[in-house]
Amino acid sequence: MLTNRALAAAYASAHHFAVEVFDPATANTLMAALLVADLNTGGGPPHQHPWQDEAYAAIHGGLWRAPYQPRSALALAAILGYHAART
């Protein structure tokens, strides 16, 4: 994802929007821990709707508590990230 310059710039300025973008190594570790937990517990409790399966034990980095849609701030985040990279 970081080879795309616009996304890399947006990720670099995500902290301005109270969103944490995890390093790939951190995301890999978290996903491995969730896989081990799922294998040991049978995948967690069953849920009525498929989206609840995704939300169970999810680590959202702040996206779910933001007062706006993430895509609505993406362009502004990219502009802020480009500006920060140049200074």
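Which residues lie nearest the centre of the largest pocket? They are Tyr-11, Val-19, Glu-20, Val-21 and Leu-63, out of 22 residues that line this pocket. The model is a predicted one.

**Largest pocket**

- The volume of the largest pocket is about 540 Å³.
- Two or more lining residues come from each of the elements α1 (5-12), α2 and α4.
- Helix α4 gives the most to this lining, with 5 residues.
- Sorted by class, the lining of the largest pocket holds 19 nonpolar, 1 polar and 2 charged residues.
- Val-19, one of the residues nearest the centre of the pocket, touches Ala-14, Gly-61, Gly-62 and Leu-63, when residues up to four places away in sequence are not counted.

**Second largest pocket**

- The second largest pocket holds about 260 Å³ of space.
- Its lining has 13 residues, and those nearest the centre are Leu-34, Asp-38, Asp-53, Tyr-56 and Ala-57.
- Helix α2 gives the most to the lining of the second largest pocket, with 6 residues.
- This lining divides into 7 nonpolar, 4 polar and 2 charged residues.

**Nonpolar core**

- The largest nonpolar core is made of 7 residues: Ala-10, Ala-14, Phe-17, Val-19, Ala-73, Ala-77 and Ala-78.
- Helix α4 supplies the largest share of this core, 3 residues.
- In soluble globular proteins, nonpolar side chains tend to be buried together.

**Helix α2**

- Helix α2 covers residues 24-41, which is 18 residues.
- From its first C-alpha to its last, α2 reaches 25 Å, close to the 26 Å expected at 1.5 Å a residue.
- The helix is hardly covered, with a count of 0 buried residues among its 18.
- Gly-42 follows α2 and has a positive phi, near 80 degrees.

- Ala-18 is found in the loop between α1 and α2.
- The phi of Ala-18 is positive, about 60 degrees, although this residue is not a glycine.
- Most residues other than glycine have a negative phi.
- Ala-58 lies in the loop between α3 (50-55) and α4.
- Ala-58 has a relative accessible area of 30% and is therefore partly exposed.
- Ala-58 and Leu-30 are 28 residues apart along the chain, and their C-alpha atoms are separated by 9.7 Å.
- Leu-76 lies in helix α4, which runs over residues 70-86.
- The relative accessible area of Leu-76 is 45%, so Leu-76 is partly exposed.
- Between Leu-76 and Ala-9 there are 9.9 Å in space, C-alpha to C-alpha, while the two are 67 residues apart in sequence.

Technical notes
Residues numbered from 1 in each chain as written. Predicted model: local features only at pLDDT ≥ 70, side-chain atom pairs only at ≥ 80, totals over all residues. Heavy atoms only, no water. Helix = DSSP H or I, 4+ residues; strand = E, 2+ residues; numbered from the N terminus. Buried < 20%, exposed > 50% of the residue type's maximum accessible area, 1.4 Å probe, protein only. Core = buried A, V, L, I, M, F, W, Y, C linked by side-chain atoms within 4.5 Å. Contact = heavy atoms within 4.5 Å. Expected span 1.5 Å × (residues − 1). 1 Å grid on protein atoms, 1.4 Å probe; cavity = no way out; pocket = protein on both sides within 12 Å on 5 of 7 lines; lining within 4 Å. Points joined across faces, edges and corners; volume = space filled by probe spheres on them. Nonpolar A, V, L, I, M, F, W, Y, C, P; charged D, E, K, R; others polar.
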